[in-house]
Amino acid sequence: RDHEPIARLVGAIKRYGPLTALDGVDLQLQRGELLALLGPNGAGKTTAIGLLLGLIRADAGAVELFGQDPQRIEARRRIGLMLQNAELPPTLRVGELLRLTASYYPMPRTLAETAELAGIGDLLKRPYAKLSGGQQRRVQFALALCGRPELLFLDEPTVGMDIEARQKLWAAIRQLLAEGCSVLLTTHYLEEAEALADRVCVMTHGRMIHEGTVEELRARVALKRIRCLSA
Ligand code: ATP
């Protein structure tokens, strides 16, 4: 069973009224790998994650998480989430937020372990609302990994971070991968995919237009440029 995908979409279709947000998308995440979903605004990346999380239902196609329906609680306990625009109780201190979140999981990390991994040891006593945007993103990352997830969903994790904070977060993600955690990440940054991804999937208008390694993607982009120049 180890070679079975940890998360899978098969021919997934999702419509919002007249708009087709996902138009028959296939996606597979293997255990232990980091898959980066790339694509412009509105391509359908967040919708694809929403299906895998069981937050939204597909109109057609199959959706599996650990070989199960993602709405089953057993599947949900095994994942960590860092979504865009996370709403968190603003008055709680970071340490309190982490303790509370960890308490929902059967085998959480210790507070010290989470703080060390996410590099937020200095923020634990601060109220969440008083942090900068980049600091809040780091806390959101810490909350995603405190339950010791087998699979981590990171939706544009480093948006708004400076390059130093971004590289620290990349290092933490690499450490999680080394522990055997699988990661599905969305990003607008090709260099982020390059730094982390085993494979990339490029989406646009609800369709998967490329799947392969970052090198293959770069080669395709370069080829396109050459074709444009010679046209
Ligand atoms: P971004 O990079 O901006 O986050 P994305 O690739 O994650 O974009 P989605 O958020 O999945 O894209 O959106 C895909 C399309 O579906 C967009 O056109 C969006 O406007 C539309 N959409 C998403 N959620 C809804 C909703 N609840 N109701 C109506 N339309 C929606």
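**Entry 1: terms and ground rules**

A polar contact, as I use it here, is a pair of N or O atoms within 3.5 Å; within protein, one must be able to donate a hydrogen and the other to accept it, and residues adjacent in sequence count only if both atoms are side-chain atoms. I'm working from a predicted model, where local features need pLDDT of at least 70, side-chain atom pairs count only at pLDDT 80 or more, and totals for chains, interfaces and linings use all residues. Residues are numbered from 1 along each chain as its sequence is written, and side-chain values use heavy atoms, with hydrogens and water left out.

**Entry 2: the ligand**

I looked up who surrounds the ligand and got 14 residues, with Asn41, Gly42, Lys45, Thr46 and Thr47 the closest (near means that a heavy atom of the residue lies within 4 Å). Asn41 has a polar side-chain atom 2.7 Å from a ligand oxygen. For Lys45, an N or O atom of the side chain sits 2.8 Å from an oxygen of the ligand. Gln84 also puts a polar side-chain atom 3.4 Å from a ligand oxygen.

How much of the ligand does the protein cover? I noted 62% of the 640 Å² of accessible area that the ligand has on its own (Shrake-Rupley method, 1.4 Å probe; for residues, only the protein chains shown count as cover). Strand E2 (19–29) and helix H1 (45–52) each give two or more residues to the shell, and H1 has the largest share, with 3. Helices (H or I, at least four residues) and strands (E, at least two) are DSSP runs, numbered from the N terminus.

**Entry 3: the largest pocket**

Next I checked the largest pocket, which holds about 620 Å³ of space. A pocket is an open set of points on a 1 Å grid over the protein atoms alone, with protein on both sides within 12 Å along at least five of seven lines; lining residues have an atom within 4 Å of a point. The volume is the space filled by probe spheres set on the points. I counted 21 lining residues, and Leu81, Thr101, Tyr104, Tyr105 and Leu143 are the closest to the centre. E5 gives the most to this lining, 4 residues.

**Entry 4: confidence**

Last, I looked at pLDDT, the predictor's confidence in each residue, from 0 to 100. The chain's mean is 90, and 95% of its residues reach 70 or more. Helix H8 (residues 214–230) is lowest, at a mean of 72, and strand E1 (residues 7–16) highest, at 97.

Notes:
On a 1 Å grid over the protein atoms alone, a cavity is a set of points where a 1.4 Å probe fits but cannot get out, and a pocket is an open set with protein on both sides within 12 Å along at least five of seven lines; lining residues have an atom within 4 Å of a point.
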